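Hi,

Here is the structure I said I would pass on.

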Amino acid sequence: MNWDQISGNWKQIEGAVRENWGKFTDDDIAVIKGKHEQLVGVIQEKYGISKEEAQKQADSFQNTLKKLFNKKDLNN
């Protein structure tokens, strides 16, 4: 799943984002809108970590989504 797909499925993915990053507010979710750079920026800001660490978290989240959506595709 690439970031275009994440952006296109944002409403479905918001819950997973909230679970992964509990400090995010509704406003944060609205700002991110499935955009990679916005996600990295909000992670960095909310958790006080480096851009590189925020990037790692976003990449890990993307990989998790790939696995989840591949399982759903196989089950349908």
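The largest nonpolar core in this predicted model has 19 residues. Inside that core, Ile13, Val17, Phe24 and Leu39 have the most contacts. Five helices each supply at least two of the core's residues: α1 (3–8), α2 (10–20), α3 (26–32), α4 (36–47) and α5 (51–75). The helix that gives the most is α5, with 5 residues.

Leaving aside residues up to four places away in sequence, Leu39 touches Trp3, Trp21, Phe24, Ile32 and Ala58.

Next, α2. Which residues of α2 are buried? They are Trp10, Ile13, Glu14 and Val17. If you look down the axis of α2, these buried residues fall within an arc of 130°, so they line one face of the helix. The face turned away from that buried side carries Gln12 and Glu19, which are exposed.

Last one: Tyr47, which sits in helix α4. With a relative accessible area of 28%, Tyr47 counts as partly exposed, because that label covers values between the 20% limit for buried and the 50% limit for exposed. Again not counting residues up to four places away in sequence, Tyr47 touches Trp21, Gly22, Lys23 and Phe24. Take Lys23: along the chain, Tyr47 and Lys23 are 24 residues apart, and their C-alpha atoms are separated by 8.0 Å. A polar atom of the Tyr47 side chain lies 3.1 Å from the backbone nitrogen of Lys23.

Cheers

How values were computed. Residues numbered from 1 in each chain as written. Predicted model: local features only at pLDDT ≥ 70, side-chain atom pairs only at ≥ 80, totals over all residues. Heavy atoms only, no water. Core = buried A, V, L, I, M, F, W, Y, C linked by side-chain atoms within 4.5 Å. Buried < 20%, exposed > 50% of the residue type's maximum accessible area, 1.4 Å probe, protein only. Helix = DSSP H or I, 4+ residues; strand = E, 2+ residues; numbered from the N terminus. Contact = heavy atoms within 4.5 Å. Arc of directions from axis to C-beta. Polar contact = N/O pair within 3.5 Å; in protein donor to acceptor, adjacent residues only side chain to side chain.
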